[in-house]
Amino acid sequence: TPQTIARPIGPLLPEPMDRLETPGAAEAIDWLWHGLIARGNITLFTSQWKAGKTTLLTGLLQTFAKGGTFLDRPVAPARVLVASEESRATWADRVRRMPLGGHCRLLARPFPRQPTAAEWEQLVETAMELQAAGELDLLVVDPLAKFLPGADTDPQALAQMLDPLRCLTDGGAGVTILHH
């Protein structure tokens with residue numbers, strides 16, 4: 001049988017997968033909404049526009065107040081920041097019909113137009129400040145296209161958006177992005 005020798009290829013060192021070390025105990029996933037949204041991860045919810053993503057989100061936000069069950073899945077209590085393309089008035093009407101508590105914060109239309117990379121990073125820094133103060137478990141971005149510093153088909157724009165979010169996920173927060 002041929003021997004597989006791990007040797008550098010350029011600056012990288014590929015590892016044979018049959019020789020990967022197995023951790024002593026599998027790391028437990030810290031679910032905010034079991035099976036769907038976890039701390040330390042970025043989750044994308046996608047569907048056709050006007051299919052009810054924000055309404056689904058609002059029901060979940062209600063459950064985050066104390067934890068419990070939402071759509072037959074356990075939900076942990078969580079503090080949430082929602083960055084939304086929808087106006088404050090639209091959210092006020094929604095919250096009147098589906099009440100939310102102080103565990104949720106809103107950035108309604110934080111940018112007058114597509115954000116620059118610097119503006120996007122400022123939003124992420126705001127979320128990081130809330131996280132550092134113990135006031136953020138989840139950042140929700142609704143929708144992706146309105147917050148990308150570029151076109152939603154541009155891989156570089158996606159990288160400019162996702163890379164700063166790693167600071168939040170590395171710190172233990174979850175991120176959920178809605179997209180249509």
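Predicted model: local features only at pLDDT ≥ 70, side-chain atom pairs only at ≥ 80, totals over all residues.

Me: Why does Thr54 count as buried?

Reply: The relative accessibility of Thr54 is 13%, and buried means under 20%; therefore Thr54 counts as buried.

Me: What makes the approach of the Thr54 side chain to the side chain of Asp142 a polar contact?

Reply: The two side chains come to 2.6 Å, and the criterion asks for a pair of N or O atoms within 3.5 Å. Asp142 is also among the residues that Thr54 touches, together with Glu86, Trp91, Arg94 and Leu178, residues up to four places away in sequence not being counted.

Me: How do you know that Arg94 lies over the face of Trp91?

Reply: Arg94 is placed at 4.5 Å from the ring centre of Trp91, and the distance limit is 6 Å.

Me: Why is the aromatic pair of Phe111 and Phe147 called edge-to-face?

Reply: Their centres are 6.2 Å apart, and rings pair if the centres lie within 6.5 Å. The planes make an angle of 70 degrees, and over 60 counts as edge-to-face.

Me: Which parts does the pair of Phe111 and Phe147 tie together?

Reply: Phe111 lies in the loop between strand S7 (104-108) and helix H3 (117-132), and Phe147 in helix H4 (residues 144-147), so the pair links parts 36 residues apart in sequence.

Me: Are Phe111 and Phe147 buried or exposed?

Reply: Phe111 has a relative accessibility of 17% and so counts as buried; Phe147, with a relative accessible area of 2%, is buried.

Note on methods
Residues numbered from 1 in each chain as written. Heavy atoms only, no water. Buried < 20%, exposed > 50% of the residue type's maximum accessible area, 1.4 Å probe, protein only. Contact = heavy atoms within 4.5 Å. Polar contact = N/O pair within 3.5 Å; in protein donor to acceptor, adjacent residues only side chain to side chain. Phe/Tyr/Trp six-rings, centres within 6.5 Å; stacked < 30°, edge-to-face > 60°. Helix = DSSP H or I, 4+ residues; strand = E, 2+ residues; numbered from the N terminus. Lys NZ or Arg CZ within 6 Å of the ring centre and 35° of its normal.
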